[in-house]
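Here is a model to read through together.

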Amino acid sequence: MKKVVTLGQFIVKKQEDFPYATGELSNLLSALRLASKIVSREVNKAGLVDDIRGASGVTNIQGETQMKLDDYANMEFINSMMAQEEICGMASEEDDDIIVFDTEEGHNGKYVLLIDPLDGSSNINVNVSIGTIFSIYRRVSPVGTKAVLEDFFQKGREQVAAGYVVYGSSTMMVFTTGNGVNGFTYDSSIGTFCLSHPNMQMPVDGSIYSVNEGNYRYFSDGVKKYIKYCQEEDEGRPYAARYIGSLVADFHRNLIKGGIYFYPASGMSPKGKLRLLYENNPLAFIAEQAGGMATDGRQAILDLQPTELHERCPLFIGSKNMVEKVHEFIALYDGDA
Ligand code: AHG
Ligand code: MN
Ligand code: MN
């Protein structure tokens with residue numbers, strides 16, 4: 001019989017690989033694992049329980065109506081981090097400002113966490129995959145003091161861990177600590193994440209493109225021409241168009257099958273839609289760790305210097321050859337703009 005490795009065992013084993021590790025990061029990942037299980041349970045009930053279904057009516061800083069499950073997931077992840085002394089502060093898509101944990105309550109840890117607690121929230125009510133995205137940094141301010149904005153304004157390259165949970169036909173957690181990418185599938189009958197996708201590699205090429213083509217008329221010439229290239233009949237093209245509308249789910253499919261996801265700048269939203277700190281950076285770290293690529297159309301996402309907590313930037317992410325190809329089009333047709 002094949003040996004089953006649980007996420008818990010994997011975390012302990014990996015900690016042994018780092019002789020100087022104190023176990024703080026392992027504790028954090030374990031806390032995220034538990035919170036994900038709770039959110040997964042609530043997501044699975046979403047079609048059944050009226051109480052957690054539908055918009056709560058509150059509008060978040062992005063101007064979007066929050067669904068109740070967004071609130072629930074946000075609260076669950078904040079509460080789970082509050083119980084962890086390793087974390088001195090966190091930032092969430094659903095909160096305007098950073099959440100600073102009280103040093104008097106023992107929060108003297110060296111890490112900060114950024115999170116999109118529920119990604120793809122427009123898909124909650126229609127039984128389509130949604131997700132959670134997280135990113136962890138070592139703080140830059142001194143341990144023992146209160147967390148400050150600078151702790152969160154680090155380049156994506158500085159991430160110590162990043163991951164996502166996809167609540168799909170099964171729940172999966174995929175993460176990296178900078179040493180490859182591993183995926184764990186949740187077995188709800190035993191309440192355990194089991195290693196199902198060790199050392200994930202993104203295919204260098206793919207035949208899927210994912211973009212909201214409804215916005216086509218607002219895209220730059222380079223992006224428009226690349227979309228036409230995807231649709232031409234030549235050398236394995238046309239590609240298949242697949243767009244779920246949940247970044248986590250679109251990215252997860254492309255990570256496994258190969259493909260490109262892009263949310264470009266457009267006339268309507270000059271910086272695109274997706275958020276650098278808790279959407280683009282964590283997925284870019286995972287993509288690069290799996291041999292893929294992630295850019296804003298010109299520069300690696302992980303090299304961008306953040307200046308605002310909720311800033312947006314264009315995203316082109318996926319199979320390396322496909323991201324390089326779209327770059328050619330952007331360089332050729334969009335100039336240096
Ligand atoms: P969130 O639900 O966290 O606000 O993110 C939604 C994002 C992302 O998941 C998805 O790919 C994208 O928005 C879809 O946007 P469009 O509907 O504009 O295509
Ligand atoms: Mn999101
Ligand atoms: Mn969200």
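The protein is divided into domain 1 (7-197) and domain 2 (208-333), with bounds from an automatic or database domain assignment. This is a predicted model, in which local features need pLDDT of at least 70 and side-chain atom pairs count only at pLDDT 80 or more, while totals for chains, interfaces and linings use all residues. Residues are numbered from 1 along each chain as its sequence is written, chains are lettered from A and ligands numbered from 1 in the order in which they are written, and side-chain values use heavy atoms, with hydrogens and water left out.

Reader: How many residues does the contact take from domain 2?

Author: Contact means heavy atoms within 4.5 Å. Domain 1 gives 49 residues. The number from domain 2 is 34 residues.

Reader: What is the area buried between domain 1 and domain 2?

Author: Buried area is the accessible area (1.4 Å probe) that two parts lose on being put together, summed over both. Carbon and sulfur atoms give 61% of it here. The total is about 3,000 Å².

Reader: Which residues in domain 1 lose the most area to domain 2?

Author: Three residues together make up 22% of what the domain 1 side buries. They are Phe153, Arg157 and Tyr164.

Reader: How many salt bridges does the rule find across the interface of domain 1 and domain 2?

Author: The rule asks for a side-chain nitrogen of Lys or Arg within 4 Å of a carboxyl oxygen of Asp or Glu. The side chains of glutamate 93 and arginine 275 meet in a salt bridge at 2.7 Å, N to O. Across the interface of domain 1 and domain 2, the count is 3.

Reader: Which residues coordinate the manganese ion (ligand 2)?

Author: Donors are N, O and S atoms within 2.8 Å of the metal (3.2 Å for Na, K and Ca); water is not among the atoms, so sites may look incomplete. The donors follow the spacing D-x2-D-x159-E along the chain. At 1.8 to 2.2 Å, they are Asp116 (OD), Asp119 (OD) and Glu279 (OE).

Reader: Which residues coordinate the manganese ion (ligand 3)?

Author: In sequence, the donor residues are spaced E-x22-D-x1-L. The distances run from 2.0 to 2.3 Å. The donors are Glu93 (OE), Asp116 (OD) and Leu118 (O).

Reader: Which residue bridges the manganese ion (ligand 2) and the manganese ion (ligand 3)?

Author: The two ions lie 3.7 Å apart. One residue coordinates both. The bridge is aspartate 116.
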